[in-house]
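Open your viewer and keep the selection tool handy.

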Amino acid sequence: MEIFGKRVKQELKIQGKMQKTMCEQLQVSKSTMSEWLSNTNEPPLEMVVEIAKYLGVSTDYLLGLED
């Protein structure tokens, strides 16, 4: 899921959103989110869905299944 972290970071930057704010909204620790975004660990599927909703993009996009 290497593309996942890259796309989440890209969307945060494009939308002018902060990782810290996303963590607070999704009730995830900053360290856990950092692991997901650096591809050290994979998020549960439910969290992929929540992150996609927060960013207003599809899960397929975040997972690299569509551009």
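First, some housekeeping. This is a predicted model, where local features need pLDDT of at least 70, side-chain atom pairs count only at pLDDT 80 or more, and totals for chains, interfaces and linings use all residues. Residues are numbered from 1 along each chain as its sequence is written, and side-chain values use heavy atoms, with hydrogens and water left out.

**Stop one: Leu-26.** Select Leu-26 in helix α2 (residues 19-26); helices here are DSSP runs of H or I, at least four residues, numbered from the N terminus. Leu-26 has a relative accessible area of 14% and is therefore buried (buried is under 20%, exposed over 50%, partly exposed in between, with a 1.4 Å probe and protein chains only). Now show its contacts (heavy atoms within 4.5 Å): leaving out residues up to four places away in sequence, Leu-26 touches Met-33, Met-47, Glu-50, Ile-51 and Tyr-54. The C-alpha atoms of Leu-26 and Met-47 are 8.3 Å apart.

**Stop two: Glu-50.** From that contact list, pick Glu-50, which pairs with Lys-53 in a salt bridge, with 3.7 Å between the closest N and O atoms (the rule asks for a side-chain nitrogen of Lys or Arg within 4 Å of a carboxyl oxygen of Asp or Glu). Both residues sit in helix α4 (residues 45-55), about one turn apart. Glu-50 is partly exposed at 33%, while Lys-53 is exposed at 59%.

**Stop three: Arg-7.** How many salt bridges does the rule give? The count is two. Select Arg-7 and Asp-67, whose closest N and O atoms are 3.2 Å apart in a salt bridge. Arg-7 is in helix α1 (residues 2-15) and Asp-67 in the segment after α5 (59-62), so the pair ties together parts 60 residues apart in sequence. Arg-7 is buried at 10%, whereas Asp-67 is exposed at 82%.

Terms used
Helices (H or I, at least four residues) and strands (E, at least two) are DSSP runs, numbered from the N terminus.
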